[in-house]
Structure formats: C-alpha cells, structure tokens
Amino acid sequence: MAKTERKPWRVTALTLFPDAFPGVLGASIIGGAEKSGIWALETVDIRDFSTNRHRTVDSPPSGGGPGMVLKPDIAAKAIDSVASADVLSGDERPLIYMTPRGKPLTQKRVRELATGSGIIVFCGRFEGLDQRVIDTRHMEEISIGDYVLAGGEVAAQVMIEACVRLLPDVLGDATSASEESFENGLLEYPLYTKPREFEGRAIPEVLLSGDHKKIADWRRKQQEEITKARRADLWQAFDQGDDHERD
Ligand code: SAM
C-alpha cells in the first residue's frame, strides 16, 4: 500500500497494558493501513499517572464487594492529558469507555466513528472505572457483547478494527463493505467458491447461471431467511420497514 496524503484517523488507547497493542491490529490489511499512514495508533499507560511509588491505580469498591476499582483521579489525569491536547489542536475525538454495561456496538456506530477524525478509547480492568470520571468526562460507554472479558484491550481492538476497515483505501474492493452483514439491516447471504462440488455438495445452480437479477433475488431471499431464523431483533426492525439497524 502506498503512503497516503490524508491526515491519519487517530487512535489513542489508554490502558494498563500498552504491550497488548497493536496486537491483532498489526496484522494483515489493518496493520498495512497503519504502515501506509491511513490510521495511527498511540498508547498511553494509565499507570504513568499514579502518584505513589508503588504506581497504584486501583482501590477497593466503596460500600464493599469483590475486586478493585480504577481510581478516578488517576484515570482523569490520563484522559485529560490526551483530551486537552485534542482541544488545543482543534481536533477533538469521541472519548469511549469499553464496558459490558455500555450500548452494544453496531455497524452504524462503527460507520459514524470511521467518518470522524479518530477516537480516544479507555480500556478498563479490575471491576471497572469509578462512575464519577465516566460522568465528568462524558465518556461514551460501549460494549462489544453480552459477556465479560478480563479487560478492555481486546474489546477496544474489536472496535478499532471494525472502524479501520471502513476507512478509504483500506479494503481492496470498495463494494465489499457495502454488501456485508448489517449494511442493509440483514445478515449476509451464504458464500460459495470453487470447487463446483465439495464432499457431494454442489454450488447452488443459480450462482453459476450468469443471470445477475436471479442471483441478486436468490441472495436477498437467503439474507431474509437467515436473519429471520437467527436474529429476531434484526428481523423485526427490518420487517417494520426500519431497514437501518438499531442505534
Ligand atoms: N464488573 C464489570 C461488570 O460487571 O460489568 C466487569 C469488569 S471486566 C472484568 C473489566 C473490564 O473489561 C471492563 O472495565 C471493560 O473495560 C472490559 N470489558 C469486559 N467485558 C467487556 C465487554 N463485553 N465489552 C466491552 N468491554 C468489556
């Protein structure tokens, strides 16, 4: 990939484990896009903002209960160090906290984020982050699904990868993103490729017919049936004429 002239889509990840980055984001087309300057990644070690000699960042939950909570004063200093630089440069980015309590990440939000100038993403650890810093820094809370990970780094990488692949010049074939699951409110149709016959199963005849209208109709029907069978929530929204996915 050639170097781009555009300003990169900027990601700053605040984390207790900077070594967890770039992780999978360094591989394949996403890693290649960073090398060509389409996007840029920096990490900020939250522990650098601790003021005691043990570099403590957490303390027990007020009111009792298991685990530890990330301290608001340290988290706020880490966030402000990044956000204030954005304000000075006139290039403010959404500040996102990855948390299972957040709004589920959707392709619609991914598309919106990808059209901005980048994101600042805070990766939680322990039981999570003190509520006051979430409130005072107006953090957008995003979840990648209804399950609990050990930390926000993998969740952040999921979101970053979903955004970066939509940036201009990242995908080889620009139509491939527009034909995917969720883009029209439905899941993708089944895919086939050579050989024509595999373990006694043939590629559906219509896909070899060369009749583009018939192929499009068949694919659309498959999309509808798969969505109806697997995702009642998406199907209901689609069936009610709201063929844009949920917010
Ligand atoms: N006590 C929290 C709860 O019950 O909601 C779970 C904390 S989890 C062990 C630690 C961190 O992992 C969270 O602060 C968050 O940053 C991240 N995390 C875990 N699951 C996640 C998910 N499904 N989506 C986004 N982030 C998640």
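## Largest pocket

In this predicted model, 26 residues line the largest pocket, and Y97, T99, P100, E127 and G128 are the ones nearest its centre. A pocket here is an open set of points on a 1 Å grid over the protein atoms alone, where a 1.4 Å probe fits, with protein on both sides within 12 Å along at least five of seven lines; lining residues have an atom within 4 Å of a point. Its volume is about 440 Å³, taken as the space filled by probe spheres set on the points.

Strand β5 gives the largest share of the lining, five residues. At least two residues each come from β5, α4 (131-136), β7 (140-143) and α5. Helices (H or I, at least four residues) and strands (E, at least two) are DSSP runs, numbered from the N terminus. By class the lining has 14 nonpolar, eight polar and four charged residues, with Gly counted as polar and Pro as nonpolar.

## Nonpolar cores

The largest nonpolar core has 27 residues, and W9, W39, I160 and V164 touch the most other members. Such a core is a set of buried Ala, Val, Leu, Ile, Met, Phe, Trp, Tyr and Cys residues joined through side-chain atoms within 4.5 Å; buried means under 20% relative accessible area with a 1.4 Å probe, protein chains only. Elements supplying at least two residues each include β1 (9-15), α1 (28-35), β5 (95-104) and α5 (152-164). Helix α5 contributes the largest share, seven residues. Another core, of 20 residues, lies apart from this one and includes L16, L70, A75 and A78.

## Helix α5

Of the 13 residues of α5, 10 are buried, among them G152, E153, I160 and V164. At 1.5 Å a residue the helix should span 18 Å, and its end C-alpha atoms are 18 Å apart, which agrees. The expected span is 1.5 Å times one less than the number of residues.

## Aromatic pairs

There are two aromatic pairs; rings of Phe, Tyr and Trp (its six-membered ring) pair if their centres lie within 6.5 Å, and planes under 30 degrees apart count as stacked, over 60 as edge-to-face and the rest as tilted. Y97 and F122 have ring centres 6.0 Å apart and planes at 70°, so this pair is edge-to-face. Y97 is in strand β5 and F122 in strand β6, so the pair ties together parts 25 residues apart in sequence. Both Y97 and F122 are buried.

W235 and F238 form a tilted pair, 5.5 Å centre to centre with 35° between the planes. These two are three residues apart in helix α8 (residues 232-239), about one helical turn. Both W235 and F238 are buried.

## Basis

Residues are numbered from 1 along each chain as its sequence is written. Local features need pLDDT of at least 70, side-chain atom pairs count only at pLDDT 80 or more, and totals for chains, interfaces and linings use all residues, while side-chain values use heavy atoms, with hydrogens and water left out.

Key: Buried means under 20% relative accessible area, exposed over 50%, partly exposed in between (1.4 Å probe, protein chains only).
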